[in-house]
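Here is a short briefing on charged pairs and a nonpolar surface patch. Please keep the structure open while reading.

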Amino acid sequence: MDFMKESCADFVTVLASKEPIPGGGGAAAYVGAIGMALGNMVGSLTVGKKKYADVQEDIIALKGKADALQDDLLTLVGRDAEVFEPLSRAYGLPKETEEQQAEKARVMEAVLRDATAVPLEIMEKCCEAIDLHQAFADKGTAIAISDVGCGVVCCKAALMAASLNVFINTKAMRDKEYAGKIVAKTNQLLDDYTAKADEIYAQVFARLK
């Protein structure tokens, strides 16, 4: 299934089924893309407005970054599915003999790293998206400020959802030193950017009161 070409209805239908993919990681990337698109819409509504002529170049540059992030996050929907399949197969490898157990352990460690790298990248992209929302809140048209709030909430949700897919994989790793480094990075992203997303939402909320 090419998730980038399927309709929203098709994606949700498959997500709700017994199919192993898409799962939480793919859903997180999808929600992140939607969140970034909402921020990007604010930019689109700002371009060409005389009132915001002094920030036109900035907004156009921000929109270019937002376009790229949307594409990256949609690509990561598919990438998450790609890395899950080898992991799913690895769990089913035989382990009756010592040789089979050693081979399974070797394969599992490799595919777990791949399966962890994608949701971590989703998190990083969501953090970039949250940064862009602050810029759209500061410079974008006031008539669409609510969309900045909606978008940043989506990106925060995607960030948190993706982190769970990191943690479930690092927990299964035998290389605890490597896993610890990934967990530390994940926790730092969560600490920094859930707080930043909350601040942006609070700014938007205050402007709408």
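How many salt bridges does the count come to? The count comes to 8 salt bridges. This is a predicted model.

**Salt bridge D58–K139**

- D58 pairs with K139, and the closest N and O atoms are 3.1 Å apart.
- D58 belongs to helix α3 (residues 56-91) and K139 to helix α4 (residues 98-139), so this pair ties together parts 81 residues apart in sequence.
- D58 counts as partly exposed because its relative accessibility is 35%.
- K139 is also partly exposed, with a relative accessible area of 31%.

**Salt bridge E82–R79**

- E82 forms a salt bridge with R79. Their closest N and O atoms lie 2.9 Å apart.
- Both residues sit in helix α3. They are 3 residues apart, about one turn of the helix.
- E82 has 47% relative accessibility, so it counts as partly exposed. The cut-off for exposed is over 50%.
- R79 is partly exposed, at a relative accessible area of 35%.

**Salt bridge D175–R113**

- Which residue forms a salt bridge with D175? The partner is R113, with the closest N and O atoms 3.0 Å apart.
- D175 lies in the loop between α5 and α6 (176-208), while R113 lies in helix α4. The pair therefore ties together parts that are 62 residues apart in sequence.
- D175 is partly exposed at 28% relative accessibility. Buried would mean under 20%.
- R113 is partly exposed too, with a relative accessible area of 31%.

**Nonpolar surface patch**

- Which residues make the nonpolar surface patch? V153, Y201 and F205 make it, and the patch covers about 280 Å².
- V153 is placed in helix α5 (residues 145-170).
- Is V153 buried or partly exposed? V153 counts as partly exposed because its relative accessibility is 41%.
- Patch residues need over 30% relative accessible area. V153 has 41%.

**Recap by element**

- Helix α3 holds D58, and helix α3 also holds both E82 and R79.
- Helix α4 holds K139, and helix α4 also holds R113.
- Helix α5 holds V153, one of the residues that make the nonpolar patch.

Notes:
Residues are numbered from 1 along each chain as its sequence is written. This is a predicted model: local features need pLDDT of at least 70, side-chain atom pairs count only at pLDDT 80 or more; totals for chains, interfaces and linings use all residues. Side-chain values use heavy atoms; hydrogens and water are left out. Patches are made of residues with over 30% relative accessible area and no salt bridge: like charges are joined within 9 Å, nonpolar side chains (Val, Leu, Ile, Met, Phe, Trp, Tyr) within 5 Å. Accessible areas come from the Shrake-Rupley method with a 1.4 Å probe; for residues, only the protein chains shown count as cover. A salt bridge is a side-chain nitrogen of Lys or Arg within 4 Å of a carboxyl oxygen of Asp or Glu. Helices (H or I, at least four residues) and strands (E, at least two) are DSSP runs, numbered from the N terminus. Buried means under 20% relative accessible area, exposed over 50%, partly exposed in between (1.4 Å probe, protein chains only).
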